[in-house]
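Reader: I am new to this structure. Please take one part of it and look at it closely, then go on from there to other places that deserve attention.

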Amino acid sequence: MVALAAAVGREEGDAHDDRPVGVRAEPMILFGVLVGMGGLAAVVPVITRWLGRDTGYVLAAGFLALIGVLTPAVATVPDQDVIEAELPWLPIFGVTATVRLDGLSAVFVLLVLGVGALIMAYCPRYLSVGRHTRTYVLLTLFAAAMLGLVLAADLVLLFVFWELTTIASFFLIGGSGAHSARAATRALVITFGGGLALLAAVVLIIVETGTSYLPDILAQPELILDSPMIWPVGLLLVLAAFTKSAQLPFHAWLPGAMVAITPVSAYLHAATMVKAGIYLLMRFTPVYGGQVAWQAGLLIIGLATAIFGAALALRQHDLKALLAYSTVSQLGLLVAVTGVGTPHALTAAVAHTVAHALYKATLFMLVGIIDREAGSRDVRELSGLRRVMPVTAFLTALAALSMAGVPPMIGFVSKESLFQGLGEADVTSWAGPVAAGAGVAASILTFAYSVRIFRGAFAGPLMQRQLYEPHWQFLAPAAVPAVAGLVLGPGVAVLNPLTISAVLDMAPGVVVPPLVFWHGLSPELFLSAFTIAAGLLLFTVRGRMDRLLQAAPSTPEGMLFDRGFAGAHRLAGWLTRPGDARTPVSHLTGPVVGLVGLAVGALVAADRLPTPAPGTSRALDWPVLVLLVVATIGAALARRVLLALILLGLVGITVSAWFALAGAPDVALTLLLVEVLTAVAAVLAVRVMPDRFPAVPRRRSVVTAGLATVLGLVAAGGTLAFTGHRDRSRAGTYFLQFAEEETGGHNVVNTLLVGFRALDTLGETTVLGVAALGLVLLLRETARRDLPGDDPIVPGPPRQVSNRAVFQVTYRVLAPAMLTLSVYLFFRGHYAPGGGFIAALVAGIAVTFGWIAHGRVGGRVPIIRSLRAAPLVGGGLVLCLLVGLSASLRGEPFLTPTYTYLAGLPVSTSTLFDLGVYLVVLGLVVAVVDRLGGLGPAVAHRFTRPVEPANAGGAP
Amino acid sequence: MSTAIAVGVLVAAGTYLILQRGLVRIAFGFILLGHAVNLVLVASGGLQRRGAPFIGQRPTDEMADPLPQAFVLTAIVITFGITVYLLALARASVGSTEEQADEPSTGPATAPPADDAPPAAPGGNPGRDDRPPRGGAA
Amino acid sequence: MSSALVPALLALPLAIPLLAGAVLVLLPARLRWTSRVLAMVATGMVLAVGVVLVATTRDGGAVGQRVGDWPAGIAIMLAADQFSALLVTVTAVLVLGGLLFAFATGDDARRMFTPLVLVLSAGVYGAYLTGDLFNLFVFIEVMLVPSYVLVVLSGARRRLSAGGVYLTVSLLTSTMFLAGLGLIYGLAGTVNLGELAGAASRSDALAVATGVLLVAMGIKAAVVPVHTWLPRVYREVTPAVVVLFSGLLTKVGVYVIFRLYAVMYDGDPRWRWLLLTVALVTLLVGAATSLGDRSIRGVLLYSMVSHIGFMLVGVGLFTEAGLTAGVFYLLQYVLVKAALLMCAGAVQTTYGTDRLDRLGGLVSREPLLATTFMVGALSLIGIPPLAGFVGKLALARGAFGDGQWWTGGLVVAGSLLTLLAMVHVWNQAFWGHDGELTWAEVEEGGTVSVTKIRRTLLAPAVGLASGGLVLGVAAQPVLALAGVAAGNLLDPAGYVTAVMPR
């Protein structure tokens, strides 16, 4: 299951990786850490139950513990050892869940866990009293996802965690207050869009290189560089990185995200998540680092973002917003210097990533403290806090100095190495100086706004005297990184082992310059000095500077985005309209038009016009045809409902005659009977409606007629082209030859219905049964509605009928006869036209007649009187199915016919099956007559009882 | 040839009717379309041979293909069932305003506020909140 | 399971529910629990059969049964390969969930509800299992007619007019299907899928005739631009009914398109561009439209249209990877979408509406509901590690792997639209401030303000959603099965011999 020695095995097998390898630390520890994170998240709800907001301390301890667990692993990294573990996941894609700890990962792992611990320790005093389970769970889950992201050695796995960070960020931003949702959405949509770019890139890479195992891909850049997909992939990767790391023009979401609570801003949107983009760029440096286009793109966008962000930061009054823009700017510097890709540049990138995380997290936490204590983050409302909060002031000063790049802070070291790195840009001859210059410009602004932060909050006269220094527990989490920033300046050397191995992961086999605190009188030193001087100058003229910046035209952040968002919704709203159209015609036109288009296209594609097959027409056809045409057109154009009905019946009769001519007597007979019943149903249905159809607007009827004609022509052509051009089908011939000996029946069609294709008949019977039930249910509902008020239905026969007595007498005579006929037809069906269906229809007509005579099912004929729809349908179906399943019980296929003995007589199961059909059909007829038939008295008296009767079948 | 013409006319008329307002006409349209399809089905067996398929009445090679006839029978019956149900639906929705109204409603936003909630408690009388607005009928 | 016995099982998925349904029709309405138990047992048996079929056809083979024991080529064939077997199984699972949900909403208090659902499901199983085109038509009708009744079951006027739309559109598709059938028989003289194997790729005329069938199924599957009936109708039916419809009706259309294109067209490359275009248009338009609707269900319905597109991309690609993706997407989608619709239904049932402008703050009020909906929505969007992500990844891989850059790109981009729609719902109904749905107002309507969604109402959704979660984290086994099904479609030989035993 688990490939413990994966590291060894893989590395040895891998010709492209020339690193010495040894697995000292236990590889599975990496999964252990991830699982541990998940475990922490899982137990949070339990802890919050009894610790409330103090849960943060437990989590902080947990994070530190995990660092401790990882230390042995991390310790091996400087020796260029790699620890790797894999679990099977989606072998079908060749994707495994592989995690791997190398130098670059180690840096980010420590960042995630370290800063995480601080934030977690900060939460308890920042959050209000309460449980905050959601926040803690989400924060822990985010940390887990972030860990996974930097540990993943498989592209798909990396993408998975990438998305998870996005989602966690969404819920962390949006969870806080009413207005947060929109900011959260903006952040989500932009970063998710980038995520999709990453997905596309990942899939393309897998397709091109045939693997998703990151180290292999990085070890063989040519796999991508030589493929046609080199630039699509590169572009998509950059897109993903830029959205995540808020580079122009995708920066809009980051300032908005500041609505989230401070711990979230500090952790996700300053220290870690926004660095995921940088991490991605660093990861792919081995592949793209050498490409000029890559370098140029990263440099230009990065530096532009750096200056733009810094300038905007300088004009903010809200300290948190200021920090947000400063983050944008610093990320820009990181992107640019990563793009340069020389050893110095990459070292600078790593160093600055660490430095930035340290001071930016500190500043966020401190601003949060100020906010909590003074109740505001606006420099225009804050003043002189240094008198009441000296410690806070001191810590802020430390962090701000580090950000400004003033010695001896670590910010100073990283800033100098940044200048050095940018100076090495060699896209063109003049690129270096320009880049360095831009870097300096950004740094000058950085210095200015660093001062602005401190001065804004702490300088000047004290206005809020009641304030006091916050509790040490509140300050401590911020103090640690602030002091660390101070110590790590002179002591930067301690970072070297990690940074060096990290850089080696980005640029294998280069000589990596160590980080040093003092370069001597290097050009960078002068740049730093110049930066500080210029920054101070800028500070002295801050008044004019402010006016200048405030005057500068500005678009509210993300306005473009919001416009697009609203636009999309408007468009969508418009798209929903067709789906709201009420009448059937609005939904039928589409299909009809589509069909016409398709058919016409097909006929055009066919090179020749269809020709009639010889001998398919007989002389007798034509008179029938004429009648048919006349009746049909008449039925279509008739305005009076009754006329239309009559013509429709005429059409039915002619069609049935046509079937008789075509040698299908069963069909003809059935159709005839069906026509009768359909007519009855139609009459019953329309008698409560206006006796004229609504008029049709002229233009519309013309269009409709046009469509109809075209479709008619197409249909005719299709019939010509597709029918009658071949001999009788194999199956058809078989039936004619063997039907008798297989089934003993002479009426082949009937043997098909109850024998060869009994399954079709079973389905057909089910349909009829359900239709019957539907009728009963539907009209019971309406019946209930048609109670006093809406159009009352006179129980009894339709208006057209008169002279009841005659009917009643004839019915008394006729009914028994028809029933007998029906029985006869049923049994002879096997040998001549007839069978269950036809027989049932005959009986049904008797029922109908009885209704006409008596205004209710049955009249005075006992058998018919006792008929109910539901039992007939249910019983019939059960019979059919039992016949079918009895075969299965005998171990034969479904519906295999056999003989059974009823009362000593041999009875074919087919006959029983046919009987089932008979019952269901009768059930339908009863339902039609009983329900459509003006809901006889029996139903009427049910209205008084709203309770559902057990029997839906009709009259009790 | 004759079949093709018949089919063409029936399809044209049927299509014309189903594109009208009012369920009754639509139902009539589908009856016509049903006839057309049945004609196609029987024709698909080849109309050169038109002997009724009863064993022993005539030489088999004159007999029509019985399979399409079986198809048609099944189709007729199914169409019958559905048509009757459609007519019942037309009957049931007499007077319901949507029946005539053709202009699309202005979107789900303006869906009837009395958004229906089926019987919440099992055992509760189902039809309860589905009772339609009174006076909707013609 | 000896393979000799398995074919005998093929008829059970359609026979058992039909029998159970018929018996329920005879039972008096007051035996509510009896009918519930009977329905669950019947469906449970189908599920068991489905699992057996999946297990039997795992090797890529297929089993067939000559109904009525008539000779080959004469008898109607029931047959199952991995593709059919998987669909039968997932359908049974959905029906079980749907029934439980219906019991919770009280839909089954309506007369004949349970038997109608059983018959409907029988029609679906039949459609998945038959190897005979005309019999397929019949089973589609067996599926449709109960749905006609279920649509208008409550008799509310709005439902009647929706029923009119639904009935007429379906009638049109059925008529088209039958006409296409006639043309096919007229040309080929058979409706047995085995005998018709590859016919549409050999003869252009048959390709056109079969095209009519595909168009009809396209309408059934609600592809753009003939999709408008679906939101119009599904918006009106009761929550339980829409859950069942979403998993059963449109999916049969998708199944038939997959099956016919594989067997009759042999995946003919000449028409793939057409399929792909339709699929992509459906995908994009559906997703874009879903932003515009203003009820939870409405949004889900339009996204249903869009996801039909996602599935059809699979058959449009017609590569091993593409089909695997399509099949897997279909399987996971059925469960996830049902879970989401159940959430919407639970809200509607409990609070009387699911309109976004009247809801808000459900996150705090209904944490379990919120979590379930969130999982479902994330899966729908395709966020890892949920099932939808694996489906999306597979589709993208299939498209890019086949050099279909546009398709791949649009598939990926499409999920951004889905995200927008889901976020829209989330922000409005789940975040937002509780003010929007003024609980007071509800209170006067009923005693709702104290009511919360009942556990029984949510349980099925939770079950299906966690199914989506499992399918994502441990996708491999199901993906493998989907791969087998894709093999069946790429090379239908096994299926063909099962349908047409020599």
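Author: In the hairpin formed by S3(A) and S4(A), 2 residues sit between the strands, and Ala903(A) has a positive phi near 50 degrees. The model is predicted, so to speak of local features a pLDDT of at least 70 is needed, and side-chain atom pairs count only at pLDDT 80 or more, while totals for chains, interfaces and linings use all residues. Residues are numbered from 1 along each chain as its sequence is written, chains are lettered from A and ligands numbered from 1 in the order in which they are written, and side-chain values use heavy atoms, with hydrogens and water left out.

Strand S3 covers residues 899-902 of chain A and strand S4 covers residues 905-908 of chain A; the two run antiparallel and are joined by 4 bridges. Strands pair if DSSP finds at least two bridges between them. Strands (E, at least two residues) and helices (H or I, at least four) are DSSP runs, numbered from the N terminus.

Positive phi values can be followed to other places. Ala246(A), a residue other than glycine, has a positive phi near 50 degrees. Ala246(A) belongs to the loop that runs between helix H10 (230-244) and helix H11 (253-256) of chain A. With a relative accessible area of 0%, Ala246(A) is buried; buried means under 20% relative accessible area, exposed over 50%, and partly exposed in between, with a 1.4 Å probe and protein chains only. In chain C, Met112(C) is not a glycine, yet its phi is positive, at about 70 degrees. The loop that holds Met112(C) lies between helix H4 (82-105) and helix H5 (113-129) of chain C. Met112(C) counts as buried because its relative accessible area is 4%.

Next come cis peptide bonds. One joins Pro407(A) and Pro408(A), with omega at about 5 degrees. Pro408(A) is in the loop between helix H18 (390-404) and helix H19 (410-423) of chain A. In chain C, the bond from Pro384(C) to Pro385(C) is cis, and omega is near 0 degrees. Pro385(C) sits in the loop between helix H16 (367-381) and helix H17 (387-401) of chain C.

Helix H6 (residues 155-174) of chain A contains Thr166(A). Thr166(A) has a relative accessibility of 1%, so it counts as buried. Not counting residues up to four places away in sequence, Thr166(A) touches Leu188(A), Thr191(A), Phe192(A) and Lys244(A), where touching, or contact, means heavy atoms within 4.5 Å. Leu40(A) is part of helix H2 (residues 29-51) of chain A. Leu40(A) counts as buried at 15% relative accessibility. Residues up to four places away in sequence aside, Leu40(A) is in touch with Leu59(A), Gly62(A), Phe63(A) and Thr140(A). Between the C-alpha atoms of Leu40(A) and Phe735(A), which are 695 residues apart along the chain, there are 73 Å.

Leaving out neighbours within four places in sequence, Ala90(B) contacts Met689(A), Leu23(B) and Val24(B). From Val11(B), Ala90(B) is 79 residues away in sequence and 22 Å away in space, C-alpha to C-alpha.

How many residues does each chain give to the contact between chain B and chain A? Chain B gives 92 residues and chain A gives 118 residues. The buried area between chain B and chain A is about 9,100 Å², with 72% from carbon and sulfur atoms; this is the accessible area (1.4 Å probe) that two parts lose on being put together, summed over both. Between chain B and chain A there is 1 salt bridge, a term for a side-chain nitrogen of Lys or Arg within 4 Å of a carboxyl oxygen of Asp or Glu. The side chains of Asp621(A) and Arg50(B) form a salt bridge at 2.9 Å, N to O. On the side of chain B that touches chain A, the elements giving two or more residues are helix H1 (2-18), helix H2 (23-44) and helix H3 (66-92) of chain B. H3(B) supplies the largest share of that side, 22 residues.
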